[in-house]
Every structure is written in C-alpha cells, then in structure tokens.
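Here are my notes for a colleague who is opening this structure for the first time. Please read them with the model on screen.

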Amino acid sequence: MDWKTLYKDKLMTAGEAVKRIKSGDRVVVSHAVGEPRTLISAMVENADQYKGVEIVHMVAMGNSPYCRPEMEKHFRHNSLFVGASTRQAVADGRADVTPVFFSEVPELFRTTLPVDVALVNLSPPDEHGYCSFGVSVDYSKPAAEAAKLVIAQVNANMPRTFGDSFIHISELDCIVEADDPVIELPQGKIGDVQRAIGKNCASLINDGDTLQLGIGAIPDAVMLFLKDKKDLGIHSEMFSDGTVELMEAGVITNKRKNFHPGKSVVTFLMGTKRLYDYVNNNPSVEMYPVDFVNNPYIIAENDNLVAINSCIEVDLTGQVVSTNIGLTQFSGVGGQVDFVRGAQMSRGGRSIMAMPSTTKTKRGTISKIVPLITEGAAVTTSRDEVDYVITEYGIAKLKGKTLRDRARALIEIAHPDFRPDLIEEYEKRFHSKFQDAPHKAYA
Ligand code: COA
C-alpha cells in the first residue's frame, strides 16, 4: 500500500487515538519543547477511563496536567528530569524520579522500562512518507522504535530537521493532525554576574574548539564573548537562539571539527521560533538520538571539546551537586556527566562548571561554594572528574590538584563575603594557614 493511503487509514481524532491507551500502560512522551500538546490534553480529558497509567519523560516544558492532584488515581508521572511543571508532584510524593544519564535513556526503553505507548510530535511527511522528529530526536525516536503503539501528532509547525531524525508513516499506528505552535522558551536575562561568568568561560575557549552549551543566562552570556572567535564547532546535547546568532555571524562554522565537519550535531533544540525556523530544512544541523550524541566515546571523537554546564553547589573538595537542593529534587543529571566524561576523553578537551558564586534563598543569600554538600543532596559530577569551576570571581582549575590546593582555588573564586568562613574551614581541615603559598607545581 502506498504511504498516502496508509496515512489516510491511520488518521483519526486525538480523542479516538488516546482511547487506545490502557490502564497500567507505560506512556513515553516526547521530550522538552517537542511534547505533543494536543495528544497530552486529549489523554488527560480521557482520564476517567484510566487507572495507573505511567507517564515517563525527561524535561516537561508544557504544563503537565497529568501531575495535578486530582489526576493521582489515573496517572503516575515517572520523571527522568524534574522541571517546573512536575516539581511539586515529585515533592508531594505524587510522582517519582528515576535517576539516569541522558545517554542511557534509549537503552532503558529497550530493556528495563519497556514502552507500551509513545506519544510523539512530528513534522508532516515528505514526498517519500518520512516525518521528522524535529526539535526532539533524543529519546523520542528510540521510544517510538521500542513502543508497542505509536501515536503521532503530525504538526505543520514542527521543523523538518536532518540527521537520523526520521520515521516512516508505516511505523506509526495512529495519526492525529494538530498544528500546535512548538513551545518557545525566551532567552535568559543576562546581568553583571552572568556577564562576568561568560567572560571567564570564553577565556578558556580557543579558535576551532567544539562546544557543548546548554540553555539559560550563563550559556547566553558565554556566547556574548565568543563573537571574535573563529571556526567554532557544535557537538552538544542541545542549542538555543544564541547559537544561531553565532552561526549566522560566521563564528560557528564547524569547519575545523574532526568529527562530522561542517555540521552542528545535537539531539534536541529549545528556544524561540527564530531557532525553529533556522533549523527547518537546514542541512548544516544534524540531529541524532541521544545514545549517539551524548555517548561519551562519541563526544570524545571531537578534539578540543569544551563542555559548559551549571550546578547547584560545589564543596571544597570539588564535588558537584546539580540535581538537588538538599533532599529536594530540583532537576536531573541530563547530559552533564555524559559531557564531562566526553570532554575529559577528548584530545585537548575541557569541562567547565559555571555558576554564580551565591544564590538567594528564603534563608538569605548563601554561598554556592560550601564546606560540605547539603545533607540529602546527591553528587552529580564527582570530584575525580571535575575539571574547571568558574564563578564571576574567576576560574578554579581543579583537575590534577590536591584536596588542599583545590580548596584554596575554590575559596579564591567564592564571593568575598563568604571567604572568611571558608578559610576557617580550610585551616581546620588542612592544619595550615590559608596565606601559605600553594605548592609551586600547582600555583
Ligand atoms: N542552594 C539553594 N538553592 C539554590 C542553590 C543552592 N546552592 N543554587 C541554586 N538554587 C536555587 C536558586 O535560588 C533558584 O531558585 P528559584 O528558582 O526559586 O529562583 C534555583 O535553584 C535555580 O537556580 P539558577 O541559578 O537559576 O539555576 P539554573 O536555571 O542556571 O540551573 C541547574 C542550574 C544546576 C539546576 C541546571 O543547570 C541543571 O539542572 N543542571 C543539571 C543538568 C545539566 O547540567 N544538564 C546539562 C546538559 S544541557
């Protein structure tokens, strides 16, 4: 049967499609801004028909209506990365968290967490009957390949991206046409602190380096200081609008990449319509599933890979906490450790944890450089693999440093208001005066 006939046969309303979901099913929803909002709304409207449907995904950028308290009997969310719309349900015990490296999610769906239903959001088919996963290839494509039932929202607003990002109409079970705008995320607000951090990070980036940058004010601030660099490349979990500016300005050319030269390689995208228009039908951007892009061995195929990530707190030995505020689950590991390890194995690679030196909490302003990690928190990047830590006060190179010298380096980039307490801790712990010069080899 030709694909156009198949398409017509599978076409139905969202209400009809979600009736195929059964109580107890595990439903995997496309990631981040790729979520199929019409399908999610229809599923939640049909909630009375379900008991104990498990909803699995990573960052939810929509409003996650299945996490509302009244949905508890019908749905249970299993979060692979907690976000704004799912955090309360996790904190209340109405949703669960499964810790997992982003690179390992596809394998989880093929083995330990078998997928009953995949809800995906696709571009319309091309003339051969292939739809693109658009802004979310990551685990969305592997989940669709592993699922017993694939319900696809075919969405004219979903950009058609290249790489290993396609699925044929014959692989879909239900097709629902709905043209929701792809969720947009405005750029982060860059203040003086972020500018200073951005400048410090940019000072470690050389012409020809390949970058992994996330989203938010810090990566955007880094990019402000990259405008004079030459021939940068991208091999990143994701990128956003700031990266497009550097591509259009000819700063990111991918020319000197030794792995996929000429191409920006990513697994998902998140930004505004400007980004989505840029990547649409653009062969300079290639998207692959996350078990390829975030595989540390694949990352390390890129020489001079610079990974920039952020964190919640760092202790004086260099242990990095990125997912928890004490016992409270704030986010997830995502690709942080994948890229820290990949950068470590890359010839000439560097990994950077960039964060403001302080943060405001209900208890007042606190230091993010702390003597001990907060009770209940989980270490995300271990002190054995941390490389650079950067704040607005400077750069601490930790790799290869003794515990004593890394504590000193971290205190030197802490906020001045908190240095006296940290120095007191240093002197107690290392039985020496802070003023004593560090060992020459590490100075
Ligand atoms: N103690 C208490 N609260 C803290 C804190 C600390 N040490 N550090 C941050 N916070 C609070 C902030 O006050 C802020 O609270 P608010 O939302 O009420 O304003 C909140 O945590 C977020 O802090 P912010 O500095 O705005 O964080 P961010 O948006 O830059 O995100 C991480 C920082 C660490 C949460 C985020 O980078 C993350 O989830 N990383 C792990 C995943 C990852 O690295 N993926 C990378 C691949 S793209």
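1. Start inside a strand pairing. V120 stands opposite A152, a residue of β7. This is a predicted model. V120 belongs to one of two sets of residues on β5: A118, V120 and L122 point one way, while V117, L119 and N121 point the other way. Both sets are buried.

2. Strand β5 covers residues 117-122. How many of its six residues are buried? Six of the six are, and the strand is mostly covered.

3. β5 has pairings with two strands described here. With β7 (residues 149-154) the pairing is parallel and runs over six bridges. With β1 (residues 26-29) β5 also runs parallel, joined by three bridges. On that side, V29 stands opposite L119. As background, strands of a sheet pair through backbone hydrogen bonds, in either a parallel or an antiparallel way.

4. Now look at another sheet. It is open, and three strands form it in the order β8-β16-β14. Their pairing is parallel.

5. Three bridges join β14 to β16 (residues 285-287), and the two run parallel. S264 has V285 as its bridge partner in β16.

6. N282 sits in the loop between α10 (273-279) and β16. Is N282 buried or exposed? N282 counts as buried, because its relative accessibility is 13%, under the 20% cut-off. Setting aside neighbours within four places in sequence, N282 is in contact with R160 and F162.

7. Turn to the nonpolar cores. The largest has 74 residues. Those with the most contacts inside this core are F109, L226, F239, I308 and I352. Helix α10 gives the most to this core, with four residues. Apart from this core lies another, of 31 residues, including V18, V53, L149 and C174. In soluble globular proteins, nonpolar side chains tend to be buried together.

8. Not counting residues up to four places away in sequence, F239 touches I234, V244, M247, S264, V266, F268, L269, M270, L275, V279 and V285. Two names on that list, S264 and V285, are also the bridge partners that link β14 and β16.

9. Helix α7 spans residues 192-202. Which of its residues are buried? They are Q194, I197, G198, N200, C201 and A202.

10. Last, the cysteines. The count comes to zero disulfides. The rule asks for sulfur atoms within 2.5 Å.

Terms used. Residues numbered from 1 in each chain as written. Predicted model: local features only at pLDDT ≥ 70, side-chain atom pairs only at ≥ 80, totals over all residues. Heavy atoms only, no water. Buried < 20%, exposed > 50% of the residue type's maximum accessible area, 1.4 Å probe, protein only. Pairing = 2+ DSSP bridges. Contact = heavy atoms within 4.5 Å. Core = buried A, V, L, I, M, F, W, Y, C linked by side-chain atoms within 4.5 Å.
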